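The structure is shown below.

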Amino acid sequence: MRRIVTLVALAITLAAPALARADEPAPSCASHAPDCIGHWATMVVRAHAGLGVFLNGGAVGTTIVPNLFEHARVSGQLGLEIGARPFGGGFLISLIGAGQAADGAVVGTFGLSLEYDLLYLFGMRDPDQDFALALGGALTMDYAHSVTTSASGVVFQYDLLRPDWRAYLELRIRNSAREHWLIRAQLVTGFDDFLDLASATLCGGYVYDAF
Amino acid sequence: MRSERIVFVFVVGLVGCSSTPAASPDPGGLPACTPTAMLNGEPAVWGWADLHTHPATELAFEQRLVWGSGLQHEDRIDPNVLPAIDPPCSVETHHHDSGSPLDRTAHTLIMSLLNQQAQYLHAPIGTVTPRAAHLAAWPNGRDVLHQQMQLSSLRRAYEGGQRVLFASTTDSQVLAQLLKGPLYPDLFLPVAAYDADSAMVQLDRIRLMVSQQSEWMAIAESAADARAIIQSGRMAVILSLEMDSLSPEDVMRFVDRGVRHVIPVHLIDNAEGGTAANGDIFNPESAYMSSLFDPTQPLRFFEVDRTPDVLFLLPRPLIGASGPGSVPVYANLEPVAYDWYQRLQYDDTCFCSLPTAPALHAWNQMGHANAHGLSDAGRTLVRDLLQRGVMVDVSHMGVHSTEDALCTAESVGRPLLASHGGVGPAAGPVGSERDLSHAQAVRLANGGGILGLGTGGNFAEQTLFTQSGGSLVTLHTRRRSSMLEAETCVESSLFSSSDATCAHPVTITPPIAGTTMQRIDVRFVPGAGGSCASNDRLYAQITLTPSGIPCGGATPTIVQALFAAQTDGSCLASVTMPVDLIDASGPPMCDTRAVSRSFGAADVCGAGIVMVNPLDCSGGTLTTTIPIASATVSVLDDGGRALVLATATGSPTWNTLGGGAGLYGRMQLDPLADPGVMIGIDVSNTGIEIPGAGPSSDGYDVCVRPRACHGAGCTCTALVIDSGQDDDCAPGWISLNHRGDWPAGSQVNAYVHLPSGIVAGEICGLDMVMVGDGPPITTGFGVVTVQSIHDPISLWANEYDATRADLFGTEPGRIAFGTDMNGLATQFATTLSSPETIDMSVHGCATSHLGRMTVDGQPLRLEDRGLGTYGMLTDVLATIDAHPSSDLDAATSARVIDSMFFSAEQTLRFWERVEGTRASPPVTPAAGCRP
C-alpha cells in the first residue's frame, strides 16, 4: 500500500504544468484571464474513427496467448472524448463515448476515464508534442447487442448492459503539419483482469485543444 | 502463461517466497498383504476400487468454483484428522484473486444457483461466523463446492482398503465463463485450447500429489504397473480424462503423457458424439459450445428422439436473456423464444394442431433420447484408444452413442466400462439416458466390462404429507434469545389434535390410499381478475402410476382435462374412469389407437394445473396471468363419496408456458404402518431471500421441529431431537441452513433421526420458526413436504448386490465405487448409524484400525454429514459391513463387502482385457451395428 501511495505521489509531483515555449511570453497569472486557464485545466476534445481487433478479452482461456486471436473480429471504431488536464499537467480526465461494430455485433461504451501521459515521467511535458504514451483507466457502462442465427434457423439477439472497468495503454502520434490530426493505437484490457487483453485498435483522429 | 501467474511470479520475486507447497512428510505405505481368497481360480490383489474421482477439481473452472486444495501442509498426513479449509473461503467468490465487484457479483449469482441445484446452502465462512458454525456446515455430503479429497482423506481411504483410484480431470467452459461474468457482445464463445490446458494443469496437480506421497501411492500406466504397485502395498492411481471438447489429437497427446482412462463424451454434444440428454442445464451448455465443433451450427440444442425407453423429458431450453425488457446487467438465463422451442420438437404442446383441444387427452409418457450417436471421428477414437490399451468409458454417452461404442468395442474384441452411474430396470424404461439401459449394461458385462456405481444415494422416500403452491406458510423473524415456541405448525389432517401453542396452524391433508375411483376432479377458484372461461387451454394434469410402484419409479401415465367454467364461478376439470390411453407402441401423440384403463385413488401420484396459452401455438407472446384463490383435488370413489386429496389456498399464479401449480403428491403407504425411523423435511421459500451471516450480521436460521402422535389417544406433540450440530437453533430444533444465504426459491432439506420408539408414520406435523438478531424479515414458503426415508447406504448396498447378481451372476468384484467425488455430484446425505471404529478383515487382509475422522476436534459422522469427505468411503464400507439397518440383511452385506474387496482385482483384469493381455469373452457385434 505504501508503495502505491508513493507512486501516486510521484506521479502527481511529476504532473507539473506544461512548460511554456521559449518563444512565448510568460503569461501573467495575476488574474483569471483566459491565458491562465491553461495552468488550471486544459480542455481537450478528441474524436476518432478507425479499425480495431476485437479480441473478446474476458472469455475463458483468452489469457492463454495462443487463444487470444481465436475469436478475433475486425471491428469498426468510433469515439469521442471531452477532457481536461488539471493544472495543465500529465493527467487527463475525460468523459468518453465509444462504439465498436463487428460482424453481427455492436458495443457502446459511455463513462469516465483518467489517464496519465507516461512521457511526463521522462520530462517530456509538452501536451502539444507530437508523441504521447498514456496509461489510463476507465469506469464505464457498456451496452452490447449481437445477432446470431442459430442452428435451428432462429435469429437470436442478445443484449447486455453491464458496468465495466478497464485499463488501457495508448500511443498517440500527431502530425506536425496538421496539428489537429493524429493517429492513436490503443490496447484495452478485459474487465476482470487488467492483464487480460480485450482489444487492440488503430484509429485516425481529430483533436481540438480548447485552450 | 496465465496473467494471474505473471502477477504471482512478480510478487514472489518481491517477497522472496516459494510458490511450491511444502511437501508433507510421507507417512509410508502399509505392509503388503496377499489375500487368502482366490478369484475364478486365480490369485487376486486385495482392495477396492473407485472408478471415478476428481482430486484436482479446484483447478478447473478457471479456479473459481471449488475451494480448497488436496495438497496439505501439515506435518503429518493423519487418516483420522481432516484439516480445516485454510484459508477459509469467502462465500460469494471462491476465487483467490477476486477483487472486482463485477467478479464477485457474477460468482454470487452462479454459486447460488449451484447451491440450489444441490439443495445445500453455502454457509458463510471466514466472516463473523464462528469457526464452529462453519465446521458444522463443512464437510457435508451434499456440498459440491469444496475440495473433498485432501491427502489425509485419501490416506484414510487407502488405509480402509482402497487400492485403485481413477483420478480424472473435468471442466466446463460455459460455467467458467458465467463465473467470470458475461462476455460481450456474446455471452460466451468457446475456446478450442481451453479444455486441453485445464486438463494439463489438473493432471500436473494429481502427479504432484502422488509424487509427494510416493510411499503409498503411484501412477500406473499399465495393468502390470498397477498390479506391481498394489502388490507392494501401495495404491495404484490411474490418470483419466473427462472433458467436454478435447479433439482426438488432444486425447492422444494426453495418452502419450500417461492417461489411461478416457470418457470421450461428457456433458455436451461434441465432435465425438451425442451426450446423455438428461439435464436442462447441460442443454444450453451444449448449445453455446456447438460452434466449436461445427461453425455452421451455432447455438445448437440437443436434438432428441421421443422414445418409450426413457422417462426424462427435456424442458424448454434456457439461453442468455435478451430482448426488450430483459436486458441483463449480468448473465441471466431464461427460456428460449417459443418459436425456437417449437422447432426443437421436444413436445407437442399444441396437441397436434387440432382445431380445438380435446376434452380429454391422455398418453403414455414418452421421454427424450439424444438423436446423435458417435460420429465417425468418435468411433475411430474409441477404436484407437482400445487398441492402445486405454480404458474407454461410456458414462455420459446418450443411448445411441453408447450403442455405437459397444458396437465398436465388440468389433475389436475389447471391453468397455461405465465408471459412474446406474443401470435401468430389466423391464421398463430407464429414468434418463444418464443411466445405462439394462440391455446395454448386459452387453457391456458380457463383453468383459466393469461398472462403477454412483454414491449419490436415494431414500426410497414415501410422502407423509406435502403441499405446494402459493405461500402456504409465512414466517416472521424471532430473536434467537426468544426462540422457545413455534410460530407456524404444519399439521397433517390425519391427526385430529391441534396445538394451542401454534400461532398460525396450517393443515395439510395427506393422500388416501386403497380407494377405487370413478372420477378425479381438480377445481380451482380464480382470484381477482382471473377467469377460466376465456382460457380454453387451461388443463388439469394428473400423473398416475400403478399402485404398489413408487411415484416416478415406473412409466407414469399423464392425463389432462380441460377446465370449464362452473356456475358458481369456479373452474372444474374432471377425468372419468376408464381413461383412453394411446398405445405406447404407436407414435407418441395423437394416435387413434387407444386402450382403456382404470385407476384407483392410490394410483394418483400428482395433480396440478397447467396453462397453455392458445397464442403459443402460433408463436405468440405469453402474456396471460391467472391468479388462483383456492384449489382442490378430489376423487369420487365407487361408493359415490368425494374424497379430498388436497386443498390449497393462497395465490399461486403463473404466466409462462407450462407453468402451473402442483397441488398434490401421493403417499403410497399407510403412514401409521410405515417402519421408517428417519424423515426428510423439504421446504422452499417463495418470498424474499433469507440472508446468511455477513460482515455486519449474524444472519438468520430457519429451524424446524417434527411433531409426533404416539400411542392410543395420542396428541400431536413436538419431538425434542438433538441434531448433533453446533448451530443457532435452540436445543431440540434442527437448522435448515447453517446460516447460509437462502435466495428466494431455494429448496432445502434436512434429515432427521427419530427418537427411539417413534416411527415415521406417527409424524403428524412440523413446527417452523425463523430466528435472527438482524432487522426483522418476513418470508413465505410454498413447498412443505415431510417424507419417511430409508437408509441410503443400505439401499445402495442392496442395489449393488442386485445389479451384480443380475449382470455378473455369482462373479464378484465387477462393480466398484463410481463416486464422482469432487465432480459437482452430491454424495450420500446421511445414514442410520455408522461404526465408531473401523477394523475390517476381508479375504485374509485387514484394514487399519481407524477411529472417527475429525475436523478441528469434532467427529465426522456419516449420520450427521453424509459422505462429506473422501476418506469416509471407508466408513461407508464399515457401515455396510455392520448392516445396522433392517433394510440390509447380513447375507447381502457379506456379499457386497466380499465383492467390493475384489473390485481392485477385477479392475486390473478388465484393464488386461483392454490391453489384450487377458482374453476377452468372445462377442460379435450386435445386429444393427453400423459397419
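## A covered helix

Buried denotes under 20% relative accessible area, exposed over 50%, and partly exposed the range in between (1.4 Å probe, protein chains only). Helices (H or I, at least four residues) and strands (E, at least two) are DSSP runs, numbered from the N terminus.

Helix 4 of chain B (residues 151-159) is mostly covered, with 9 of its 9 residues buried. Among them are Leu154(B), Arg155(B) and Tyr158(B). Just after this helix, Gly161(B) adopts a positive phi of about 115°.

## Basis of the model

The model is predicted: local features need pLDDT of at least 70, side-chain atom pairs count only at pLDDT 80 or more, and totals for chains, interfaces and linings use all residues. Residues are numbered from 1 along each chain as its sequence is written, chains are lettered from A and ligands numbered from 1 in the order in which they are written, and side-chain values use heavy atoms, with hydrogens and water left out.

## Aromatic rings

Rings of Phe, Tyr and Trp (its six-membered ring) pair if their centres lie within 6.5 Å; planes under 30 degrees apart count as stacked, over 60 as edge-to-face and the rest as tilted. Over all chains, 14 aromatic pairs are counted. One of them is the tilted pair of Trp46(B) and Phe901(B), at 5.2 Å centre to centre with 40° between the planes. Trp46(B) lies in the loop between strands 2 and 3 of chain B and Phe901(B) in the loop between helices 17 and 18, so the pair ties together parts 855 residues apart in sequence. Both residues, Trp46(B) and Phe901(B), are buried.
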